[in-house]
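Student: I am new to this structure and would like to go through it step by step. Could we begin once it is on display?

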Amino acid sequence: MIHVVGADEVTDETFDAEVLGEDRPVLVEFTADWCGPCRQLAPVLGAIAEEERERLRVVQIDVDHNPAISARYGVLSMPTLMVFRDGEPVKSMVGARPKRRLLQELEDVI
């Protein structure tokens, strides 16, 4: 998996506890090794994880190794970014984007 600095990896087994049970909003990146746009997004997510760590937790889940969570939330394209708040998905975005645009899109949920 393309690791994002500052982001934890979650799995089918740990997702509910790590994401749905978190007090802060959680940005989940559904990713895969073969995903080119995921590579482009990695430094953007790393910067956001660092800058927004008080308000937002960033995690990654590898869709190839964790099919249950991907299926539960209907994730078909990589990268899919989903924001969870209070155990519920509140925003979903598909594809890589520049940091400024991603921060703008996150403003209403963090």
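Student: Which side chain meets R101 in a salt bridge?

Tutor: This is a predicted model, and every value here is computed from it. A salt bridge needs a side-chain nitrogen of Lys or Arg within 4 Å of a carboxyl oxygen of Asp or Glu. At 3.8 Å, N to O, the side chain that meets R101 is that of E105.

Student: Which residue forms a salt bridge with E51?

Tutor: E51 lies in helix α2 (residues 36-51) and its partner in helix α4 (residues 99-106), so the pair ties together parts that are 48 residues apart in sequence. E51 counts as partly exposed, at 47% relative accessibility. With the closest N and O atoms 2.6 Å apart, the partner is K99.

Student: Is R57 buried or exposed?

Tutor: R57 sits in strand β3 and is paired with E18 of helix α1 (residues 15-20), 39 residues apart. Their salt bridge spans 2.5 Å, N to O. Buried means under 20% relative accessible area. Because R57 has a relative accessible area of 11%, the residue is buried.

Student: Which residues are linked with E18 and R57 in a network of salt bridges?

Tutor: Over the structure, the count comes to 11 salt bridges. E18 and R57 belong to a network of them.

Student: What is the nearest side chain of opposite charge to D62?

Tutor: D62 lies in strand β3 (residues 57-62). The residue is buried yet has no salt bridge. Its side chain does reach the backbone nitrogen of D64 at 2.9 Å. The nearest side chain of opposite charge is 10 Å away, and it belongs to R39.

Student: Why is the disulfide of C35 and C38 called right-handed?

Tutor: A search of the whole structure finds 1 disulfide. C35 and C38 form it, with sulfur atoms 2.2 Å apart, and both residues are buried. The disulfide is right-handed because the torsion about its S-S bond is about 85 degrees.

Student: What radius of gyration does the protein have?

Tutor: The protein has 4 helices and 5 strands, and its C-alpha atoms fill a box of roughly 30 × 30 × 20 Å along the principal axes. For 110 residues, a compact globule would have a radius of gyration near 13 Å. The protein agrees with that, at 12 Å.

Definitions and conventions. Residues numbered from 1 in each chain as written. Predicted model: local features only at pLDDT ≥ 70, side-chain atom pairs only at ≥ 80, totals over all residues. Heavy atoms only, no water. Helix = DSSP H or I, 4+ residues; strand = E, 2+ residues; numbered from the N terminus. Buried < 20%, exposed > 50% of the residue type's maximum accessible area, 1.4 Å probe, protein only. Lys, Arg positive; Asp, Glu negative; His and termini not counted. Polar contact = N/O pair within 3.5 Å; in protein donor to acceptor, adjacent residues only side chain to side chain. Disulfide = S-S within 2.5 Å. Rg over C-alpha atoms; globule rule 2.2 N^0.38 Å.
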